[in-house]
Amino acid sequence: MKVQIDSDRCQGHGRCYDLAPELFGADDEGYGQVLGDGVVPAGQEQGARLAAANCPESAVIILEET
Amino acid sequence: MTTDNRFSQELREERDEQQTGTLSEVITGPVSDWATDFSHADPEWAADPFPIQDDLRQRCPVAHTERFGGAWLPTRYDDVASIAHDTERFSSRAIVISNFRPPLDLAPVGGTPPISSDPPFHHDARKLLLPAFTKTAIGRYEESTREYCNSLIDAFDTSDGRGVVDAAQDYAKYIPMRVIGDMLGLPQQDTALFAEFVEAVLGTVDLPPEERGERLRPLFDYLYDQVREHVDNPRDDLTTHLINAELYGQKLGPEHVVGTIVLLLIAGIDTTWSAIGASLWHLAGNRADRERLAASPNALPTAMEEFLRAYAPVTMARLVKQDMHFGDVDMKAEDWILLSFPAANRDPAHFDQADQVVIDREVNRHAAFGLGIHRCLGSHLARMELRVALEVWLSRIPEFTLADPSAVTWSTGQIRGPRTLPLRIS
């Protein structure tokens, strides 16, 4: 599983880094950022799903492994 | 070195004389039909707007009123979201509905940038403020907020033996006033004044412009004094930051500086006051939820989001730019939109059990802080204040009940929360 943030949609609500701080951080203006390469380590899938499901702008994208 | 005289009294009076705008006929009295004559200033709406919104959502879903010179009320989540995201067709030139519409040429800046601003100016004005309101920047105020919440509870006076306190007036109200005052660098002994300023801004929307101007004068007199004092004695706070800030190679105009300070001071106060109060009101009346959160502080962050969804305090407004179709209705230029995030948050098409408060709701894509480019600048501040206020209260006062449910009063207008909240705490 991999996560991405659509920066055109992100408005800095911060739900992703509230709910999954191991996967997301904030830039200097509070917009969400994916930490590292976005690959979700085993065991952190639930955090990724919660971040995506709670983003008010639907800016968090999950790419499931195919 | 040249003196900074942007904030002089003479220049301010010259500008005040240039104020224009249009006034619509004032229509008051009871609402005849919520679908065609709604009024968010009605006491029935203040007491419990949710059944009204639920009814409108099923049968309208965009209600209308001739009041305020014409206004629309969308009640579905999708309609609220699409308007919030559509800054091409809907302007933020004014964001509090009244019978007064400011002049068209106030756009794209508006009176209180950036909340009153439209693109592209909005982006640049907001960028000046974002770094001060990130979650990390706000974290610096958490410890002092916690100490302040504790000091408010220490000061509760239950000496009459009834064991009742007003959680709205003696607790919730003071927390956001003190924190934003500290951020702006305003004297702590002035904190109680801020509540009067909030009332002057939000409680006067139906007054004629001259009368409203008189009511707002003490706020502007106070802020111009504070700004001039900061010009003379610069320090590390938001007021000095705005005085020194530049846009397009120039310092900000005096109306931008003071308008933004008005926004920062007013917008964070009765909103967060409302969120804290509504959460305590819910917990006072719901024993299971109260016991759960008192026993499990870890459950609070999720519960808090549910309080924000179900009791979202803030409704915004927009002005229609040009005649247009929106769904099944024909909107006219200069019609108001009452942009009800509370109504969106209770749309059953978007939330399971939308009318129920489910404190373990894990998936909660609510819009309490708005959507799109105007996402509440202070949302990280509000969340910190709400969380700390509830953590401190629940740890100090785990058992509390509504002393008299019929004595609870709720504010009218676009910000909704308890204004009298007698709680029995012992």
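This is a predicted model: local features need pLDDT of at least 70, side-chain atom pairs count only at pLDDT 80 or more; totals for chains, interfaces and linings use all residues.
Visitor: What makes S2(B) and S3(B) a pair?

Guide: Pairing calls for at least two bridges between the strands. S2(B) and S3(B) are joined by 4 bridges in the antiparallel sense, so they meet the definition of a pair. Within S3(B), Pro74(B) is the residue opposite Val62(B).

Visitor: Where is Thr87(B) found?

Guide: Thr87(B) sits in the loop between helix H4 (77–85) and strand S4 (90–91) of chain B.

Visitor: Why does Thr87(B) count as buried?

Guide: The cut-off for a buried residue is 20 or more other C-beta atoms within 10 Å of its own. Thr87(B) has 20 C-beta neighbours inside 10 Å, and therefore counts as buried. Apart from neighbours within four places in sequence, Thr87(B) is in contact with Asp118(B), Pro119(B) and Ile373(B). Asp37(B) is 50 residues from Thr87(B) along the chain, and their C-alpha atoms are separated by 26 Å.

Visitor: Which residues have the most contacts inside the largest nonpolar core?

Guide: They are Val80(B), Ala172(B), Leu280(B), Ala317(B), Ile337(B), Leu339(B) and Ala389(B), in a core of 112 residues. Helix H18 (residues 379–396) of chain B gives the largest share of this core, 10 residues. Leaving out residues up to four places away in sequence, Leu339(B) touches Val80(B), Ile83(B), Ala84(B), Thr315(B), Met316(B), Ala317(B) and Arg318(B).

Visitor: Which residues does the second, separate core include?

Guide: That core has 18 residues, among them Phe24(A), Ala26(A), Leu50(A) and Ala51(A). Leu50(A) and Ala51(A) are also among the buried residues of H2(A), together with Ala48(A), Ala52(A) and Asn54(A). The cover over the buried residues of H2(A) includes strands S1 (2–5), S2 (24–26) and S4 (60–63), and helix H1 (15–19), of chain A.

Visitor: What makes S6(B) and S16(B) a pair?

Guide: The requirement is again at least two bridges. S6(B) and strand S16 (residues 422–424) of chain B have 3 bridges in the antiparallel sense, so they qualify as a pair. Val164(B) stands opposite Arg424(B) in S16(B). These strands belong to an open antiparallel sheet of 3 strands, in the order S6-S16-S13 (chain B). S6 (164–166) and S13 (401–402) of chain B are the edges, each with a single partner, so one side of each lacks a neighbour in the sheet.

Visitor: How do you know that chain A is as compact as a globular protein of its length?

Guide: For 66 residues the globule rule gives 11 Å, and the radius of gyration of chain A is 10 Å, which is close, so the description holds. Chain A has 2 helices and 4 strands, running β-α-β-β-α-β from the N terminus on. Buried residues make up 42% of the chain.

Visitor: How does the radius of gyration of chain B agree with that of a compact globule?

Guide: A compact globule of 426 residues would have a radius near 22 Å, and chain B has 21 Å, which agrees. Chain B comprises 18 helices and 16 strands, and 46% of its residues are buried. Its C-alpha trace spans about 60 × 55 × 35 Å along the principal axes.

Visitor: How many residues does each chain bring to the contact between them?

Guide: Chain A brings 14 residues and chain B brings 20. On the chain A side, helix H2 (residues 45–54) supplies the largest share, 3 residues. By class, that side has 5 nonpolar, 6 polar and 3 charged residues.

Conventions:
Residues are numbered from 1 along each chain as its sequence is written. Chains are lettered from A and ligands numbered from 1 in the order in which they are written. Two residues are in contact if their C-beta atoms, placed from the backbone, lie within 7 Å. Ala, Val, Leu, Ile, Met, Phe, Trp, Tyr, Cys and Pro count as nonpolar, Asp, Glu, Lys and Arg as charged, and the others, Gly among them, as polar. The radius of gyration is taken over C-alpha atoms; the globule rule is 2.2 Å times the number of residues to the power 0.38. A residue is buried if 20 or more other C-beta atoms lie within 10 Å of its own, exposed if 12 or fewer, and partly exposed in between; C-beta atoms are placed from the backbone. A nonpolar core is a set of buried Ala, Val, Leu, Ile, Met, Phe, Trp, Tyr and Cys residues joined through C-beta atoms within 7 Å.
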